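Hi,

Here is the structure I promised to pass on to you. Have a look at it first, and my notes on what turned up follow below.

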Amino acid sequence: NAEYMGKSSQMSLSQSVVASALNEIRHAMLRSLPKGAVEPRLVAVSKTQSVEQIRAAYDAGHRSFGENYVAELVRKAGELPADIMWHFIGHLQSNKCKDLLSVPNVYLVETVDSIKLANKLNVVTSEVGRPPLHVFVQVRTSDESTKHGVTRTDSVQLVEHVLSHCPHLRFRGLMTIGAVDDTREPRSFKELVACREQVASLLSIDAADIELSMGMSADFERAVRMGSTSIRVGSAIFGSRVYA
């Protein structure tokens, strides 16, 4: 019927727009890539986006998606394919860990910012019987009080704790949210690169084995030029967010 046809054409239009945006971002990433570097992971930030929008990106071949709220991720994961690799990129409270890890295809928690949270994720991962959980340690690289994360000094202690005391977690790298005023002088990104060098040196880890999750829609090209291995892009893929 006419209504179905209208919805169908809307869906295909949405899919082509999302597919085109993903393609453009990938090309921009590749243009910004330092010589010899590996192509970064693109995490499509899908918070507040509809399941249909996420499916449009999925149908275009995309698999890595990022969500900020546990309840929203759990709901969407139940309606979408099981081979999606979900990244949790919001502030995580310890009492929400069990709900989050009830989703088998949560691939990576990017926002581990305390020993307490690391311990809770370690215990819950073991209790639910899932494979080890990949984690990033979130580092606060700006003076903004609204940002979560540990200081560069404390990051070494937290990474060491994950490596030594959390057998069900796999430390994969460091994550930061850039400062709002960083557009010309990316201090936050420089700080995260320096943090990686410090962690690698003090804990005898190869720096190349420590990922850097930095860069969003407005600054991902600069982040890639500075060594980001994982960027988090939402509005440049899906357009402005819709808040229900």
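**Strand β1 and its neighbours**

Strand β1 and strand β2 (residues 64-67) run parallel and are joined by two bridges. Before going on, please keep in mind that this is a predicted model. Within this pairing, alanine 44 sits opposite phenylalanine 65 of β2. To get from β1 to β2 the chain passes through helix α2 (residues 51-59), and this β-α-β crossover is right-handed.

β1 has a partner in strand β8 (residues 230-233) as well: the two run parallel, with four bridges between them. Here valine 43 is the residue that faces arginine 232 in β8.

How many of the five residues of β1 are buried? Five of the five (residues 41-45) are, so the strand is largely enclosed by the rest of the structure. In a regular strand, side chains alternate between the two faces of the sheet. In β1 both faces are covered, with Arg41, Val43 and Val45 buried on one side and Leu42 and Ala44 buried on the other.

**An aromatic pair**

Phenylalanine 65 comes up again here. The count of aromatic pairs comes to one. Its members are phenylalanine 65 and tryptophan 86, whose ring centres are 6.1 Å apart and whose planes meet at 50 degrees, so the pair is tilted; planes would have to be under 30 degrees apart to count as stacked and over 60 to count as edge-to-face. The pair links distant parts of the chain, since phenylalanine 65 belongs to strand β2 and tryptophan 86 to strand β3 (residues 85-88), 21 residues apart. Are the two residues buried or exposed? Phenylalanine 65 has a relative accessible area of 0% and is therefore buried, and tryptophan 86, at 0% relative accessibility, counts as buried too.

**Serine 142**

With a relative accessible area of 12%, serine 142 is buried, because the cut-off for buried is under 20%. Serine 142 and threonine 176 are 34 residues apart in sequence, while their C-alpha atoms are 9.2 Å apart in space.

Notes. Residues numbered from 1 in each chain as written. Predicted model: local features only at pLDDT ≥ 70, side-chain atom pairs only at ≥ 80, totals over all residues. Heavy atoms only, no water. Buried < 20%, exposed > 50% of the residue type's maximum accessible area, 1.4 Å probe, protein only. Pairing = 2+ DSSP bridges. Right-handed = clockwise from strand over helix to strand, strands pointing away. Phe/Tyr/Trp six-rings, centres within 6.5 Å; stacked < 30°, edge-to-face > 60°.
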